[in-house]
Amino acid sequence: MSSLLNSTSRVDPLGGNRGIADPGEDALARFNRTPLTRRLVTIARALAPIIGIIGFLAIWQLAIIVFDIPKFELSRPTDILRGLKNDPSFYIENGRTTLWEAFLGFVIALIAGLAGATLMAHSRFIERAVGPIAVILQVTPILAYAPAIVIWVGFGLKPIVIITSIVCFVPFLINGLTGLRSVDPNLLELARSVNASRREIFTRLRLPSALPHLFSAARIAVGLALIGAVLSEYFAGVSAGLGWSVKIALNRNLALQAWGSVYTLAVIGSTAVLLLGGIERVALRWHTSQRT
């Protein structure tokens with residue numbers, strides 16, 4: 001009898017008996033470990049974003065039908081998608097323009113933010129001097145200084161890139177500083193004990209430690225770059241881009257064109273985030289965040 005109890009009971013690691021084990025528990029655990037189940041879980045996770053988007057659009061469409069919302073107030077997703085299909089070149093060309101503007105601002109902000117974070121990580125004086133400027137840039141709305149920058153540097157691509165860079169700069173600066181400062185003190189002490197140079201400490205300790213934080217900043221900056229580029233097109237006097245497209249659509253009461261531009265922005269942003277996630281998985285395959 002005692003052997004039977006020992007074979008079917010669950011023993012608490014701290015001592016004691018938690019009760020009789022469920023006979024089907026081991027079978028369920030074995031089922032959960034089968035290749036078929038793992039494959040189904042992987043497929044479900046891959047399809048989850050698509051299912052979520054389709055569900056959101058279906059609710060949107062249903063709400064318009066149920067509440068009888070006029071088309072000039074809110075367009076139906078089916079009508080918007082039909083408009084995108086009827087004139088894809090218009091949205092592709094304007095989307096390409098906005099994407100290029102956002103990409104330039106994103107890259108400049110990354111370089112400037114990492115450079116500033118490096119200086120701040122090595123000097124408390126520079127950190128205290130630059131910190132208030134970063135706060136001002138973060139809390140000041142883009143609409144407050146965008147017209148002034150356009151007046152200062154003129155119309156065209158230049159003010160759009162400058163404004164987009166400013167919008168994306170602070171996330172890279174703050175997250176980069178946090179990452180550069182998050183190195184294990186024991187590793188720093190070990191590196192200094194073997195006379196490692198500042199360059200070696202930066203490239204082999206500080207920069208790898210900062211990469212997860214920089215990728216987090218990059219995911220935030222993707223959306224900010226698109227927002228900065230679109231809003232800048234309102235003031236920069238350009239004749240192309242999704243911001244320009246929305247501006248023209250609002251002036252001429254073209255609801256489908258406005259929503260089509262919004263949909264195009266959503267596709268660009270989602271694709272950029274997915275691409276960034278793939279790069280992160282490759283670059284940080286050694287990090288614990290990529291092992292779950």
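I looked up tyrosine 91 and found that it is buried, with a relative accessible area of 9%; buried here means under 20% relative accessible area, exposed over 50% and partly exposed in between, with a 1.4 Å probe and protein chains only. This is a predicted model, in which local features need pLDDT of at least 70 and side-chain atom pairs count only at pLDDT 80 or more, while totals for chains, interfaces and linings use all residues. I noted too that residues are numbered from 1 along each chain as its sequence is written, and that side-chain values use heavy atoms, with hydrogens and water left out.

**Entry: aromatic pairs**

I find 6 aromatic pairs in the structure, where rings of Phe, Tyr and Trp (its six-membered ring) pair if their centres lie within 6.5 Å, and planes under 30 degrees apart count as stacked, over 60 as edge-to-face and the rest as tilted. One of them joins phenylalanine 56 and tryptophan 60, edge-to-face, at 6.0 Å centre to centre with 70 degrees between the planes. Phenylalanine 56 and tryptophan 60 are 4 residues apart in helix α3 (residues 35-66) and are therefore separated by about one helical turn; helices are DSSP runs (H or I, at least four residues), numbered from the N terminus. I recorded phenylalanine 56 as exposed, at 53% relative accessibility, whereas tryptophan 60 is buried, with a relative accessible area of 12%. Phenylalanine 90 and tyrosine 91 also form an edge-to-face pair, 5.1 Å centre to centre with 90 degrees between the planes, and phenylalanine 90 is partly exposed, with a relative accessible area of 22%. I then saw that ring pairs link Phe56, Trp60, Trp259 and Tyr263 into a cluster.

**Entry: salt bridges**

I turned next to charged side chains, keeping in mind that those of opposite charge can pair when their charged atoms come close. The structure holds 5 salt bridges, each being a side-chain nitrogen of Lys or Arg within 4 Å of a carboxyl oxygen of Asp or Glu. Arginine 82 forms one with aspartate 79, the closest N and O atoms being 2.7 Å apart, and because the two are 3 residues apart in helix α4 (residues 77-86), about one helical turn separates them. Arginine 82 counts as partly exposed at 45% relative accessibility, while aspartate 79 counts as buried at 14%.

In helix α5 (residues 88-122), glutamate 93 and arginine 96 are likewise 3 residues apart, about one helical turn, and their side chains meet in a salt bridge (3.4 Å, N to O). I have glutamate 93 down as partly exposed, with a relative accessible area of 43%.

The side chains of arginine 219 and glutamate 280 meet in a salt bridge (2.4 Å, N to O). Arginine 219 is partly exposed at 36% relative accessibility, whereas glutamate 280 is buried, with a relative accessible area of 9%. I also noted Arg124, Glu127 and Arg181, which are linked in a network of salt bridges.

**Entry: helix α8**

I looked up how many of the 24 residues of α8 are buried, and the count is 17, so the helix is largely enclosed by the rest of the structure. A kink of about 35 degrees lies at cysteine 168 in α8, shortly before proline 171, the bend being the angle between axes fitted to the seven residues ending there and the seven starting there.
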